[in-house]
Amino acid sequence: MSEQAIARKQQEVNEIVEKMNAANSIVVVDYLGLSVAQVTELRKQLREAGVEFKVIKNTIMRRALDTLELNYHEEVFQGPTAVAFGMEDAVAPAKILSDFAKTADALELKGGVIEGKVLSKDEIKKIAQLPNREGLLSMLLSVLQAPVRNVAYAVKAIADAKGEDAA
């Protein structure tokens, strides 16, 4: 292999390492068998969620993971591989790909990395069941509002009881 080809491959590895460092989560899938229309729709859904979807050679991906010293499952990088990089919401790639796989049998989750931890496909499926960022914030807001609401109800009940006593 020429020095130029080696340099080009090293540059590809460095680019993937940079993307992996910048991403909150990474999900690896086998996309073989998806129609052009399905891939187009999948890319659209991912793009709308701020997720970058890229087909990457297995050897490049393995070298990037080795550079980051992440222990990965070798079977994840067998056959065609596409990678979704979640730059904003860590749950978004897993959720979108998992939901899409329910309607497109050809799409298969293989594994991923979330916050530096290598995950199996089963763990990615569990992550996909979590609410997204907006859902979590909504749940948090509800939890924070509950005590205030309960105090308001108690004050109203006391006021109503005193109002009835006065009448």
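Reader: Why is E123 called partly exposed?

Author: The relative accessibility of E123 is 30%. Buried means under 20% relative accessible area, exposed means over 50%, and partly exposed lies in between, with a 1.4 Å probe and protein chains only; E123 is therefore partly exposed. The model is predicted, so local features need pLDDT of at least 70 and side-chain atom pairs count only at pLDDT 80 or more, whereas totals for chains, interfaces and linings use all residues. Residues are numbered from 1 along each chain as its sequence is written, and side-chain values use heavy atoms, with hydrogens and water left out.

Reader: What makes the contact of K117 and E123 a salt bridge?

Author: A salt bridge requires a side-chain nitrogen of Lys or Arg within 4 Å of a carboxyl oxygen of Asp or Glu. The N to O distance between K117 and E123 is 3.8 Å, and the pair therefore qualifies. K117, at 48% relative accessibility, also counts as partly exposed. By this rule the count comes to six salt bridges.

Reader: How do you know that E52 and K19 form a salt bridge, and what does the pair tie together?

Author: E52 lies in strand β2 (residues 51–55) and K19 in helix α1 (residues 3–22), so the pair ties together parts that are 33 residues apart in sequence. Helices (H or I, at least four residues) and strands (E, at least two) are DSSP runs, numbered from the N terminus. E52 has 30% relative accessibility and is therefore partly exposed.

Reader: What makes K156 and D160 a pair about one helical turn apart?

Author: K156 and D160 are four residues apart in helix α6 (residues 133–166), hence the separation of about one turn. Their closest N and O atoms are 3.1 Å apart, and they form a salt bridge.

Reader: How do you know that β1 and β4 pair?

Author: Two strands pair if DSSP finds at least two bridges between them. Strand β1 (residues 25–30) and strand β4 (residues 108–114) have six bridges, in the antiparallel sense, and therefore meet the criterion. One of the bridge partners in β4 is V113, which faces I26 in this pairing.

Reader: Why are β2 and β5 called edge strands?

Author: The open sheet has five strands in the order β2-β3-β1-β4-β5, with antiparallel pairing. Strands β2 and β5 (117–120) each pair on one side only, and they are the edges.
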